[in-house]
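Please read the following note with the sequence and the model at hand. It is set out as numbered points, each on one topic.

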Amino acid sequence: MVMPKIIMMMASVGIVSAGALLCLTSAEAAALLKRKKKSCRMETAGTILRTEMSVVSGERQNADMVFFLVYEYEAGGRKIVRKSRVGRSRHIFKDGDTVTVYYDPDDAESHYVAELEAGSMRSAFGLTGTVLILAGLIGLAIVRRI
């Protein structure tokens with residue numbers, strides 16, 4: 001009975017570790033956005049120029065598609081064109097749509113698009129991490145009782 005108990009304990013510790021990693025990732029992403037919001041305090045309108053589609057996995061028929069937005073904004077007297085760093089699983093913007101861009105007045109290249117912030121992803125990482133930590137702790141409690 002010792003070997004299965006050790007395996008269950010190791011699995012539970014692994015699950016807790018994975019949950020902690022997801023929670024830390026969520027917290028770091030939130031801290032990064034907070035720093036970005038502190039420096040990027042100038043607001044301007046941006047325009048979606050186009051959506052670029054990318055296949056991320058699978059065969060052509062069952063492939064997962066991710067949509068990246070190419071947008072333009074004016075800052076510091078010049079037009080800047082950027083592509084979103086995080087892809088979306090749904091096509092949520094149309095060409096010509098307006099988005100809100102916040103940029104650093106000292107460095108117009110440093111910016112973020114309010115509508116593209118991955119708040120839901122941060123929440124999902126944090127929630128999933130919390131669930132994994134709880135599941136791992138429950139697993140450890142069960143192992144202790146065996």
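This is a predicted model: local features need pLDDT of at least 70, side-chain atom pairs count only at pLDDT 80 or more; totals for chains, interfaces and linings use all residues.

1. The largest cavity has a volume of about 30 Å³. A cavity is a set of points on a 1 Å grid over the protein atoms alone where a 1.4 Å probe fits but cannot get out. Grid points are joined across faces, edges and corners, and the volume is the space filled by probe spheres set on the points. Rolling a probe the size of a water molecule over the atoms shows where empty space is left. The structure holds one cavity of 30 Å³ or more.

2. Residues are numbered from 1 along each chain as its sequence is written, and side-chain values use heavy atoms, with hydrogens and water left out.

3. Which residues line the largest cavity? They are Thr51, Phe67, Leu69, Arg88, Arg90, His91, Ile92 and Phe93, where a lining residue has an atom within 4 Å of a point. By class, the lining divides into four nonpolar, two polar and two charged residues. Here Ala, Val, Leu, Ile, Met, Phe, Trp, Tyr, Cys and Pro count as nonpolar, Asp, Glu, Lys and Arg as charged, and the others, Gly among them, as polar.

4. The chain contains two helices and five strands, and along the sequence they follow the pattern α-β-β-β-β-β-α. Helices (H or I, at least four residues) and strands (E, at least two) are DSSP runs, numbered from the N terminus.

5. The overall dimensions deserve attention. The chain has a radius of gyration of 21 Å, whereas a compact globule of 146 residues would have one near 15 Å. This radius is taken over C-alpha atoms, and the globule rule is 2.2 Å times the number of residues to the power 0.38. Along its principal axes, the C-alpha trace spans about 70 × 40 × 15 Å.

6. Of the 146 residues in the chain, 26% are buried. Buried means under 20% relative accessible area, exposed over 50%, and partly exposed in between (1.4 Å probe, protein chains only).

7. Helix 1 (residues 2-39) includes Arg35, and Ser17 also has its place in helix 1. Arg35 counts as partly exposed because its relative accessibility is 48%; Ser17, at 42%, is likewise partly exposed. For Ser17 and Gly136, 119 residues apart along the chain, the C-alpha separation is 8.5 Å.

8. Leaving aside residues up to four places away in sequence, Val143 touches Lys5, Met8 and Met9; contact means heavy atoms within 4.5 Å. The C-alpha atoms of Val143 and Ile7 lie 9.7 Å apart, although 136 residues separate them along the chain.

9. Ser110 belongs to strand 5 (residues 107-113) and counts as buried because its relative accessibility is 15%. Residues up to four places away in sequence again left out, Ser110 touches Lys36, Cys40, Tyr102, Tyr103 and Asp104.

10. Glu117 lies in the loop between strand 5 and helix 2 (119-145). Glu117 is partly exposed, with a relative accessible area of 30%.

Technical notes:
On a 1 Å grid over the protein atoms alone, a cavity is a set of points where a 1.4 Å probe fits but cannot get out, and a pocket is an open set with protein on both sides within 12 Å along at least five of seven lines; lining residues have an atom within 4 Å of a point.
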